[in-house]
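This report looks at how parts of one chain pack against each other. It takes a helix pair, then a domain pair.

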Amino acid sequence: MSRLIVVSNRVAPITEGKSSAGGLVVGVLDALRETGGIWLGWNGNIEPEPTQQPVTESDKNIDFCTVALTQRDYDHYYRGFSNGLLWPTFHYRIDLSRYTGDDYAGYLKVNRHFAQILASSLRDDDRIWVHDYHLIPLGKACRDLGIRNRIGFFLHIPFPSPSVLTTIPPHRALVEAMCAYDLLGFQTQTDVQAFVDYATRYLGAAVSGNEVKIGDRSIKVGAYPIGIHPDQIRALSKQSRRSKPLDALKSGLQHRKLIVSVDRLDYSKGLVERFNAFERLLETAPRHRGKVTFVQIAPPSRQDVQGYRQIRRQLESTAGRINGKWTELSWTPIRYMNRSYERALLMSFFRVSQVGLVTPLRDGMNLVAKEYIASQPAHDPGVLVLSEFAGAAAEMRDGALMVNPYDVQGMADALDRALSMALDERKSRYEHLMEILRKNDLSSWRDRFLADLGD
Ligand SMILES: O=P(O)(O)OC[C@H]1O[C@H](O[C@H]2O[C@H](CO)[C@@H](O)[C@H](O)[C@H]2O)[C@H](O)[C@@H](O)[C@@H]1O
Ligand SMILES: O=c1ccn([C@@H]2O[C@H](COP(=O)(O)OP(=O)(O)O)[C@@H](O)[C@H]2O)c(=O)[nH]1
């Protein structure tokens, strides 16, 4: 039978239950658990010499094949080109992006290395599914080694419009490399359109239906919004209902309402704007003072990449300023935590909250938005306040309260509306959203992508 080989920079921790604060790992692990397969990627370690032979650990039906990176590769490939240039640019933060030729060379080198590792154990009928911006040139590197298997690529982050993409010096080489894949998957139709716009304008592509023709190559493109397993999340949200952390959260609340947010500590997530919106709510709707607590869980991420330390300092000072001004002896308005929690616990926090506040400035999808809804009790659901710039907005705009994350007053108004919403309206919004989450669940993401990739 044909094997499925998944390749991504980050690979799930093999220990069940260990928290992993990133949507790619969460989504791919859940999807692979059902089909089984091989998952190749970086093990998160730095070693003096490049790994020639990946270490394989098997867990049930998945073989995890991982390699270490050298310090130099980590600096140029992960920290430099991937997270110092591609991440900010693809999230429209060209002010934060830094290009160097050495980073680009290191990025290509690691991609070639991954291709060699793949080539060494590949069977003719294996299907290869490559994930995310770290590995854009992997398909081309495979083709250069003579690999003819079906290879699909899924981008978890937004694909920027051509005017932003072209700020990347090797933009043309990057997009040409994408054309080595048989199928290109994006989170939303907006991302697909941005890719098609670039391909037609800069590469002379002709588009017909979901096929993009460039020279003698024909590539399928499509939107495959990543989902969750809503019923599993629902079950998870109830699993920790008697846990100590949940008890501690509830006893700290003292029956106040709860607004909750969970994000990696990333400048793309709009945290400062969100803190300011919560303060604006306290200023403009005084009835909420002392009556609502905002819990922000923000595990540190990519702390050695420029831009991330700055956002951390900025947030600490914003939270300190707001709490300094508004805290009373018996109430702290913002609880800001730089730590991660196991997913089951997070879901139980969502379940007891009244509002899920998800307001990224840009986001490929944002699984937290989907998990928030799936965790709600059907008889008394909370309200999702969602940024129009999250990929999740394409599916969830009719059930969530939509906001522009740059509009502090607009977000404060949405919070006020969410906190005051009548039960009937909350229920009908929740039911509508659950229907969508069930229809576009994680299995359908995987199955649609693999069906289009073909054998
Ligand atoms: O691996 P890290 O550098 O620690 O970063 C964590 C992951 O962040 C990004 O996740 C994205 O994928 C999610 C699932 O599709 C999506 O909902 C979210 O909007 C994206 O930001 C990144 O794309 C992953 O490669 C990282 O592993
Ligand atoms: O402390 C944490 C914080 C986040 N997550 C999970 O990490 C994922 C974050 O994915 P999302 O798509 O929202 O954003 P990303 O971090 O991938 O940009 C979600 O499944 C969260 O439940 C977690 O397990 N523990």
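Axes here are lines fitted to C-alpha atoms, for helices over the stretch in contact, and angles run from 0 to 180 degrees between N-to-C directions. The model is predicted.

**Helix pair**

Helix H9 spans residues 244-253, and helix H12 spans residues 343-351. They pack at an angle of about 30°, and their axes lie 10 Å apart. Angles under 35 degrees count as roughly parallel, so H9 is roughly parallel to H12. Their crossing is right-handed.

Which residues make the contact? H9 brings Pro-245, Leu-246 and Leu-249. H12 answers with Leu-345, Ser-348 and Phe-349. By class, this contact of H9 with H12 holds 5 nonpolar residues, 1 polar residue and no charged residues.

Domain 1 gives 25 residues to the contact, and domain 2 gives 23 residues.

On the side of domain 1 that touches domain 2, helix H1 (23-35) and helix H2 (71-90) each supply at least two residues. H2 provides the largest share of that side, 4 residues. The classes on this side of domain 1 are tabulated below.

| Class, side of domain 1 that touches domain 2 | Residues |
|---|---|
| Nonpolar | 9 residues |
| Polar | 13 residues |

Notes. Residues are numbered from 1 along each chain as its sequence is written. Chains are lettered from A and ligands numbered from 1 in the order in which they are written. This is a predicted model: local features need pLDDT of at least 70, side-chain atom pairs count only at pLDDT 80 or more; totals for chains, interfaces and linings use all residues. Angles under 35 degrees count as roughly parallel, over 145 as roughly antiparallel, 65 to 115 as roughly perpendicular and the rest as oblique. A crossing is left-handed if the near helix is turned anticlockwise from the far one by less than a right angle, and right-handed if clockwise. Two residues are in contact if their C-beta atoms, placed from the backbone, lie within 7 Å. Ala, Val, Leu, Ile, Met, Phe, Trp, Tyr, Cys and Pro count as nonpolar, Asp, Glu, Lys and Arg as charged, and the others, Gly among them, as polar.
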